[in-house]
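Biologist: Could you take me through this model, with the criteria stated as you go?

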Amino acid sequence: PCLPPVCFAPVSQLLLCVWGAPPSQAYAIRTARYRYIANVHYDSDKYRPIWSPVISEQLYDYENDPHETINVASVPANAAMVRELASELRELIDEF
């Protein structure tokens, strides 16, 4: 069964959400322009995500795609944004 999303209050213009059920979970971070989603394995004994390897990544650009129909995570021009948001997401999740 899938759990409903848990969203945390905006932090520095970011919105953080977590959803899913072990053995994997999805974590998302949202800025004014982008939503980055990482699907990762989950260690239910330690209650922590396993960041490597990431099962899948998604990046949506609300300026050009407000309905999230095109995943642009694999577009080479977005590589830096994917790395930046992935790093920010991991940092926020690992703080909990």
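Modeller: Let me begin with a definition: a residue is buried under 20% relative accessible area, exposed over 50% and partly exposed in between, using a 1.4 Å probe and protein chains only. By that criterion I37 is buried, with a relative accessible area of 6%.

Biologist: Where does I37 lie?

Modeller: I37 lies in strand β4, which covers residues 34-43. Strands (E, at least two residues) and helices (H or I, at least four) are DSSP runs, numbered from the N terminus.

Biologist: What is the mean pLDDT of the protein chain?

Modeller: The mean is 82, and 76% of the residues reach 70 or more; pLDDT is the predictor's confidence in each residue, from 0 to 100. Where pLDDT is low, the predicted coordinates should not be read in detail.

Biologist: Back to β4, then. Which way do β3 and β4 run, parallel or antiparallel?

Modeller: They run antiparallel and are joined by seven bridges; two strands pair if DSSP finds at least two bridges between them. The two strands form a hairpin with three residues between them, and Y27 stands opposite A38 in β4. As for β3 itself, five of its seven residues are buried.

Biologist: Is N39 buried or exposed?

Modeller: N39 counts as buried, because its relative accessibility is 18%. The side chain of N39 makes a polar contact of 2.7 Å with that of S56. A polar contact is a pair of N or O atoms within 3.5 Å; within protein, one must be able to donate a hydrogen and the other to accept it, and residues adjacent in sequence count only if both atoms are side-chain atoms.

Biologist: Which residues does N39 touch?

Modeller: Leaving aside residues up to four places away in sequence, N39 touches Q25, A26, V54, I55, S56 and Q58. Contact here means heavy atoms within 4.5 Å.

Biologist: New topic: how many salt bridges does a search of the whole structure find?

Modeller: The search finds four, a salt bridge being a side-chain nitrogen of Lys or Arg within 4 Å of a carboxyl oxygen of Asp or Glu. One of them joins E63 to R33, with the closest N and O atoms 3.7 Å apart. That pair links distant parts of the chain: E63 is in the loop between β6 (56-61) and α1 (79-95), and R33 is in the loop between β3 (24-30) and β4. R33, D61 and E63 are linked in a network of salt bridges.

Biologist: And how far apart are the closest N and O atoms of E68 and R35?

Modeller: They are 2.6 Å apart. E68 is in the loop between β6 and α1, whereas R35 is in strand β4, 33 residues away.

Biologist: Which parts does the R48 and D94 pair tie together?

Modeller: R48 lies in strand β5 (residues 48-50) and D94 in helix α1, so the pair ties together parts 46 residues apart in sequence. The closest N and O atoms of this salt bridge are 3.3 Å apart. R48 counts as partly exposed at 24% relative accessibility, and D94 is partly exposed at 44%.

Technical notes. Residues are numbered from 1 along each chain as its sequence is written. This is a predicted model: local features need pLDDT of at least 70, side-chain atom pairs count only at pLDDT 80 or more; totals for chains, interfaces and linings use all residues. Side-chain values use heavy atoms; hydrogens and water are left out.
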